[in-house]
Amino acid sequence: MSVDSEKLSTLLHETRSFSPSDEFRAQANFNDETIYERAANDPEAYWALQAEQLTWFQPFENVLNWEPPHAQWFVGGKLNAAYNCVDRHAVGPRKNKAAIIWEGEPGDSRVLTYDMLRREVDKAAHALKGLGVQKGDRVTIYLPMIPELPISMLACAKIGAIHSVVFGGFSSKSLQQRLEDADAKVLITADGGWRRGGVIPLKANADEALSATKVENVVVVRRVGDSAGATMQEGRDVYWHDLMAKAPTTPFEAEPMDSEDILYLLYTSGTTGKPKGIVHSTGGYLTGANTSMRSVFDIKDEDVWFCTADIGWVTGHTYIVYGPLSAGATVVMYEGGPDYPGRDRFWEIVEKYGVTIFYTAPTSIRTFMKWGPEHPAAHDLSTLRLLGTVGEPINPEAWMWFHQHIGNERCPIVDTWWQTETGCAMIAPLPGIVPTKPGSATRAVPGIDVDVVDEHGQSVGFENGGYLVIKKPWPSMLRTVWGDDERFRNTYFGKFEGIYLPGDGAHLDEDGYVWILGRIDDVINVSGHRIGTAEVESALVSHSSVAEAAVIGRSHDIKGQAITAFVTVREGIETNQELVAALKQTVVEKIGAMARPEEIIFTAELPKTRSAKIMRRLLRDIAEGRVLGDTTTLADPSVVESLKSQYKEAD
């Protein structure tokens with residue numbers, strides 16, 4: 001692998017360190033340094049202890065069966081995720097505690113206590129059951145950030161159905177791919193969703209996606225109203241409110257699920273064009289999500305938790321739904337963007353609801369920096385006690401701005417590294433124990449065994465870059481790729497036998513802290529969204545004017561990475577700004593707005609090896625303005641020089 005030596009050098013010179021205050025350490029859930037050693041010496045005992053924080057209908061017999069690359073955790077145990085997130089809290093002292101505080105983009109709001117949430121989930125479970133949804137069926141959910149989204153997820157979990165949430169920003173083509181791959185029986189969507197004052201036509205997108213699928217019923221939440229222009233197909237489509245009005249109000253008995261039964265599928269980008277359906281289990285995933293809430297985020301009964309992610313991504317699954325609700329927390333859920341109607345929207349929400357823990361992405365923080373500190377300064381953020389970041393490595397400057405202007409230099413920051421595939425935070429400081437360094441996710445959490453290795457799987461030691469790996473199984477790890485176990489084996493365990501390869505480069509400093517250097521495969525991280533280069537290339541080549549395309553990610557001050565596309569057009573096609581706009585729109589239609597290329601460079605040829613492989617590494621060097629690496633394997637070295645001059649002109 002190649003390591004970004006300039007980035008590595010910058011990180012190695014970061015010497016600032018921030019220790020938890022005595023006050024914070026004293027009240028922290030995890031404040032005993034020996035937890036790391038105890039978990040390392042007997043990880044199965046550690047995870048068994050954490051799993052016991054959940055309610056099991058039948059206790060597990062074995063903690064772990066490991067036959068690489070397949071793990072079975074808490075073997076023989078039976079539980080239900082919805083019961084753990086809702087029912088068990090609705091019968092005790094948390095019955096009337098706010099579970100979800102929802103804030104709509106136009107300013108409408110709704111509060112669901114744990115008892116109210118239980119009743120809504122039960123009605124939704126009855127309604128889905130009435131549509132023929134059974135244990136093991138797949139239900140795809142394509143909703144905006146409204147309470148019906150977590151209610152739908154939890155209703156599926158209560159039945160034992162497998163939910164597959166599709167981000168509302170995805171196009172109809174992306175939705176169709178996911179519906180077909182999961183072989184979904186029911187789709188839950190909305191007439192539309194609000195975004196920065198405009199309407200996202202979710203139902204219209206869904207109708208376009210459904211033409212070639214086996215979906216039997218479509219449940220439609222009426223969110224926007226007549227202005228959404230949604231149409232209903234008789235015999236297939238039904239409104240959510242009609243279903244809920246007819247549903248029994250009696251309690252719905254939670255289905256006892258084997259620990260290894262599938263809880264959900266979530267699709268993520270890969271290095272080939274087809275998204276991967278990541279499979280998460282019930283017992284292991286829920287254990288990981290619940291544990292990290294208590295350890296990394298120090299969650300307490302009085303906390304008000306605000307994660308700014310969309311539930312369409314794994315961060316929202318774990319840290320808006322299953323993690324905080326399993327821990328009995330109060331969750332703030334927001335529908336819109338951070339700048340509508342004003343650039344202080346997040347800080348207005350923090351002040352309004354007395355948020356104590358705030359979890360967001362480095363992309364957002366860099367945007368806040370650009371907007372200026374006057375926006376958070378206009379609000380009372382004194383209730384905040386802990387901050388977190390997620391989605392991509394955070395640069396030290398953004399970390400310090402977050403520390404100073406949001407945390408008022410008194411809130412610990414937990415920078416978390418993890419993935420859709422890992423289920424929960426894997427590398428992060430325990431805020432009551434670990435001193436933090438701007439830009440580093442610090443140490444693996446207890447029970448997780450990470451290392452940085454070379455091409456041969458050998459530890460590289462301090463001050464050297466290499467492959468980040470996880471050497472032992474953990475409860476919340478993905479179980480397979482839906483319908484493609486071979487892809488699971490090859491993608492995650494194909495390079496080092498029995499060792500998980502996340503696809504990120506990293507290095508360890510002298511304190512054993514991990515510094516993430518970015519992706520080592522062809523996946524681009526745009527504002528925390530993982531987008532496969534092959535997906536974007538496939539979308540571009542689908543345009544009748546395009547003969548060939550190569551897509552790379554280049555550094556971007558706000559987004560972390562931006563997409564640059566190098567495109568070769570067919571004979572006789574004129575290249576102009578109209579074609580640029582058309583190609584960008586093609587990508588939006590095929591994938592979604594988050595995948596729109598920042599720039600498109602037309603080129604007569606692409607740099608290829610003698611075996612006809614496109615050398616994206618050289619394209620990245622050109623886009624970043626770096627000295628070019630080895631070009632000896634190029635079939636035609638002159639192509640690179642031509643591209644360099646073209647890129648400079650375009651710039």
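Predicted model: local features only at pLDDT ≥ 70, side-chain atom pairs only at ≥ 80, totals over all residues.

**Reading the model, feature by feature**

Biologist: Where is serine 542 found, and with which residues is it in contact?

Modeller: Serine 542 sits in the loop between helix H18 (533-541) and strand S27 (546-556) (helices, H or I of at least four residues, and strands, E of at least two, are DSSP runs numbered from the N terminus). Apart from neighbours within four places in sequence, serine 542 is in contact (heavy atoms within 4.5 Å) with Thr586 and Lys590. Valine 587 is 45 residues away from serine 542 in sequence, yet their C-alpha atoms are 9.3 Å apart in space.

Biologist: Does arginine 223 count as buried or exposed?

Modeller: Its relative accessibility is 16%, so arginine 223 counts as buried. This residue belongs to the loop between strand S11 (217-221) and strand S12 (237-239). Beyond its neighbours within four places in sequence, arginine 223 is in contact with residues including Trp102, Asp108, Ile146, Trp194 and Glu335.

Biologist: What is the angle between helix H11 and helix H12?

Modeller: Axes are lines fitted to C-alpha atoms, for helices over the stretch in contact, and angles run from 0 to 180 degrees between N-to-C directions. Helix H11 (residues 283-295) packs against helix H12 (residues 314-326) at about 80°, with 8 Å between the axes. H11 and H12 are therefore roughly perpendicular (65 to 115 degrees; under 35 is roughly parallel, over 145 roughly antiparallel, the rest oblique). Among the residues that meet, H11 contributes Tyr285, Leu286 and Met293, and H12 contributes His317, Tyr319 and Tyr322.

Biologist: In what order do the 7 strands of the open sheet lie?

Modeller: Strands of a sheet pair through backbone hydrogen bonds, either parallel or antiparallel. The order here is S12-S11-S8-S6-S7-S14-S15, with mixed pairing (two strands pair if DSSP finds at least two bridges between them). S12 and strand S15 (276-281) are the edge strands, each pairing on one side only. From one strand to the next, the twist averages 25°. S11 pairs with S12 in the parallel sense over 3 bridges, and valine 219 stands opposite valine 238 in S12. Helix H9 (residues 202-210) lies across strand S6 (138-142), strand S8 (186-190), S11 and S12, at about 155° to S8.

Biologist: How are the 4 strands of the other open sheet paired?

Modeller: The pairing is antiparallel, in the order S21-S22-S23-S24. Strand S21 (450-453) and strand S24 (514-519) stand at the edges with a single partner strand each, so one side of each has no neighbour in the sheet. The twist averages 45° from one strand to the next. Strand S22 (residues 465-470) and strand S23 (residues 504-508) pair over 3 bridges in the antiparallel sense, with glycine 465 opposite histidine 507 in S23.

Biologist: Which residues of helix H20 are buried, and what follows just after H20?

Modeller: In helix H20 (residues 616-624), the buried residues are Arg616, Leu618, Leu619, Asp621, Ile622 and Ala623. Just after H20 comes glycine 625, with a positive phi of about 70°.

Key: Residues numbered from 1 in each chain as written. Heavy atoms only, no water. Buried < 20%, exposed > 50% of the residue type's maximum accessible area, 1.4 Å probe, protein only.
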